[in-house]
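Dear colleague,

Please find the structure below, together with its sequence. My notes on its charged pairs and on one part of its surface follow.

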Amino acid sequence: MNISKFLLIDSALVIAIIPVLFLLQGKKNSHLFRRSNKEELLRKTSIVLPNKEKLINLEKLAKDQGSGIKFESLMGNWKFVSVWKKDRDDEDHVFSSLLRVFSANIEFQKEISTNNSPEFSVITSIRFGLLTIEFSGSGYLRGKQPLLAFFINLIELKLRSKILLRRSLIGAKAKEELFFSLIALESNGDWLSARGQGGALVLWLKG
């Protein structure tokens, strides 16, 4: 399953009020909301983000020569900014806006006990108000492009720092591999792009 969809599905089960908020938005207001949401995010920085055409060209280069993305350059927190569906030139404004509204992030950390291991911790999260859902697991890089593969083995629902619910994934669910084919990392490390296993292009901003 595409990880961004996986995040939204689980969050929707817990934060049922969100669909109501969007239903209350008029078509015109919803369009303005999507625009201002992204503009507000970028207004705080002077970063120029790539469009889909540039990402496609970078992807071809990464497949041919490799992206040069290393383990160390991924460390930190990344905010979901934009999503383009497969075979569509226009950004998926609704889905991209939902990811931003939910403050969807993916974070990479060094494994504390195995500094020499190729594996690292992966934490994806969604936040709305005081509620946060975290999906934790382990990941690693493989191949020339490279491929970012990871597994989710723990899901937590938090109210601020207090854990309300915790569910460990065991068996086949814990072994289900998710992945992103990394495309490019901006020279200053400000943005990161990848293609998900469902074919969508994803763009993150360093948070």
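E134, E156, K158 and R166 are linked in a network of salt bridges, a salt bridge being a side-chain nitrogen of Lys or Arg within 4 Å of a carboxyl oxygen of Asp or Glu. Please note that this is a predicted model, in which local features need pLDDT of at least 70 and side-chain atom pairs count only at pLDDT 80 or more, while totals for chains, interfaces and linings use all residues. Residues are numbered from 1 along each chain as its sequence is written, and side-chain values use heavy atoms, with hydrogens and water left out.

Strands (E, at least two residues) are DSSP runs, numbered from the N terminus. E156 also forms a salt bridge with K158, where the closest N and O atoms are 3.9 Å apart.

The members of these pairs differ in accessibility. Buried means under 20% relative accessible area, exposed over 50%, and partly exposed in between (1.4 Å probe, protein chains only). E156 counts as buried at 8%, and K158 is likewise buried at 17%. R166, by contrast, is exposed, with a relative accessible area of 54%.

In total, the structure holds seven salt bridges. Another of them joins E177 to R142, with the closest N and O atoms 3.2 Å apart. This pair, too, links distant parts of the chain: E177 is in strand β7 (residues 177–185) and R142 in strand β4 (residues 131–142), 35 residues apart. E177 is partly exposed at 25% relative accessible area, and R142 is partly exposed at 37%.

L165 is found in strand β6 and counts as exposed at 53% relative accessibility.

With kind regards

Notes. Helix = DSSP H or I, 4+ residues; strand = E, 2+ residues; numbered from the N terminus.
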